[in-house]
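Please open the structure in a viewer and keep the selection tool at hand.

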Amino acid sequence: MAYPKPLSKKSIERMYAASKLTREKIVFLHNFFDSCASLYGSICLGDMWEVYKELSEKTDVVKIQRKDIIAFSLIARREVHDYCVYEIDELYSAEERSDKNRYVILGEIIGNGKEQMFYQLDELQEGKPFYVPENLLELKGHVVTQEEKNLVDFIENLRATCPVIRNPWNEKMNRLSPHQGKKLKDFSFLRPEEEFKREWLSGEVKGGSKKCQQKKLDDFMASIQGTFAEKVFRDLRLNLFTGWCRFLDQVRYTMDNLTEVGVEFTENEADTFLQLLQDFNNNSHLYIDRGWTPSALSEYYRKMNPNQKLVITLGSGIREAIERGEISLEALKEQARVEGLEIQL
């Protein structure tokens, strides 16, 4: 997926001068683009104009026109931001290029070969309204809720109590844990597949690349940096915010990762984790819901369609997990209730 390289400072200054945008508009548009990317994850310019109009009805904003958003997007595309600006034909080759369909996409969603995450997000956002809070322009980075802080604190303070690190594919490769008894916030850990990719990009794998692929290696190492607690939460948040993993799949995936590093859940810890994860999901401003929290979006839909009740049917895999006691039916029902759904067995 082609994307142009950033231009020099002088070239950018010339582009701004040619755009005829005032300094006031430039400052506002920088802020507006950052905020939209932070709250929605992905949005096209036509929708950004509608968001701006709704925002202008709620609070005082700098007066701009749609052409200003379009002009700024072409310059921002050649600058370095937390987001990227893509032409639609760079994302969907069969589509014709147009200003209103130019996309602003967070780098964490489409960077490092994660294009499929963007495509899924784009599909799942379809038809949902945009959440436009009065404080939109104050946002930089995803909205951090108290529920997120509670979940992060819980994950950070879990301990890796198992004396052995188990290889999920080959028991003969099990090894003594170097971090037994430590909290997840106090050590780093590379999973076997992450270690293999690091070695592959470094040129250390026999039969692989003979040269170090430095740029790819640097990008990959940046994506897995931090303590194990930071890595677990970073993956969990992004998967839920983009809809890359369904909620229950994410629960199982995260618990498997925690078990792999040596966390041995008590029944009480497992119940607490599931509740914290539900609270986090239900009260987070998700990209998949265009900035709404699931709880608020469900309430919005109920007001729009007061007589409609949505019913979901549990698949055989989930039913079997309930029977084995791996998943709580009552917890599922509560999750569904918050989202305005009814579970059908």
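A residue is called buried when its relative accessible area is under 20%, exposed when it is over 50%, and partly exposed in between. Glu 299, at 33% relative accessibility, therefore counts as partly exposed. Please note that the model is a predicted one.

**The whole protein**

Begin with everything displayed as a cartoon. The protein has 16 helices and 7 strands. Of its 345 residues, 42% count as buried. The protein exposes about 19,000 Å², and carbon and sulfur atoms supply 49% of that area. Among contacts with a separation of 6 or more, 67% join residues 24 or more positions apart.

**Helix H14**

Select residues 294-304, which form helix H14, and display the side chains of Glu 299 and Arg 302. These two residues form a salt bridge, with their closest N and O atoms 3.1 Å apart. Both lie in H14, 3 residues apart, or about one turn of the helix. In an α-helix there are 3.6 residues a turn, so residues three or four places apart point the same way. Like the partly exposed Glu 299, Arg 302 is partly exposed, with a relative accessible area of 36%.

**A network of charged residues**

A search of the whole structure finds 18 salt bridges. In general, side chains of opposite charge can pair when their charged atoms come close. Select Glu 87, Asp 89, Arg 97, Asp 99 and Arg 102, which are linked in a network of salt bridges. Within this group, focus on Arg 102 and Asp 99, whose closest N and O atoms are 2.8 Å apart. Are these two partners buried or partly exposed? Arg 102 has a relative accessible area of 3% and is therefore buried, whereas Asp 99, at 37%, is partly exposed.

Now select residues 192-202, which form helix H9. Which residues of this helix are buried? They are Glu 194, Leu 201 and Ser 202. Because they cover an arc of only 100° around the axis, they lie on the same side of H9. Just after H9, Gly 203 takes a positive phi of about 80°. Select Glu 204 as well; this residue forms a salt bridge with Arg 198, the closest N and O atoms being 3.5 Å apart.

**The largest nonpolar core**

In soluble globular proteins, nonpolar side chains tend to be buried together. The largest nonpolar core in this model has 78 residues, and Phe 32, Phe 33 and Leu 184 touch the most other members. Helix H2 (residues 23-40) supplies the largest share of this core, 9 residues. Centre the view on Leu 184 and display its surroundings.

**Val 251 in helix H12**

Select residues 247-260, the helix H12 in which Val 251 is found. Val 251 is buried, with a relative accessible area of 10%. Apart from residues up to four places away in sequence, Val 251 touches Leu 274 and Leu 277. The C-alpha atoms of Val 251 and Leu 274 are separated by 7.4 Å, although the two residues are 23 residues apart along the chain.

**Two residues with a positive phi**

Most residues other than glycine have a negative phi. Select Lys 20, in the loop between helix H1 (9-19) and H2. Lys 20 has a positive phi of about 70° although it is not a glycine, and at 72% relative accessibility it counts as exposed. Then select Arg 290, in the loop between helix H13 (267-282) and H14. The phi of Arg 290 is near 55°, again a positive value in a residue other than glycine. At 11% relative accessibility, Arg 290 counts as buried.

How many disulfides does the structure contain? The count comes to 0 disulfides. Select Cys 36 and Cys 84 to end the tour. Cys 36, at 0% relative accessibility, counts as buried, and Cys 84 is buried too, with a relative accessible area of 18%.

Definitions and conventions:
Residues are numbered from 1 along each chain as its sequence is written. Side-chain values use heavy atoms; hydrogens and water are left out. A disulfide is a pair of cysteine sulfur atoms within 2.5 Å. Buried means under 20% relative accessible area, exposed over 50%, partly exposed in between (1.4 Å probe, protein chains only). Helices (H or I, at least four residues) and strands (E, at least two) are DSSP runs, numbered from the N terminus. Contact means heavy atoms within 4.5 Å. Accessible areas come from the Shrake-Rupley method with a 1.4 Å probe; for residues, only the protein chains shown count as cover. The arc is that of the directions from the helix axis to the C-beta atoms. A salt bridge is a side-chain nitrogen of Lys or Arg within 4 Å of a carboxyl oxygen of Asp or Glu. A nonpolar core is a set of buried Ala, Val, Leu, Ile, Met, Phe, Trp, Tyr and Cys residues joined through side-chain atoms within 4.5 Å.
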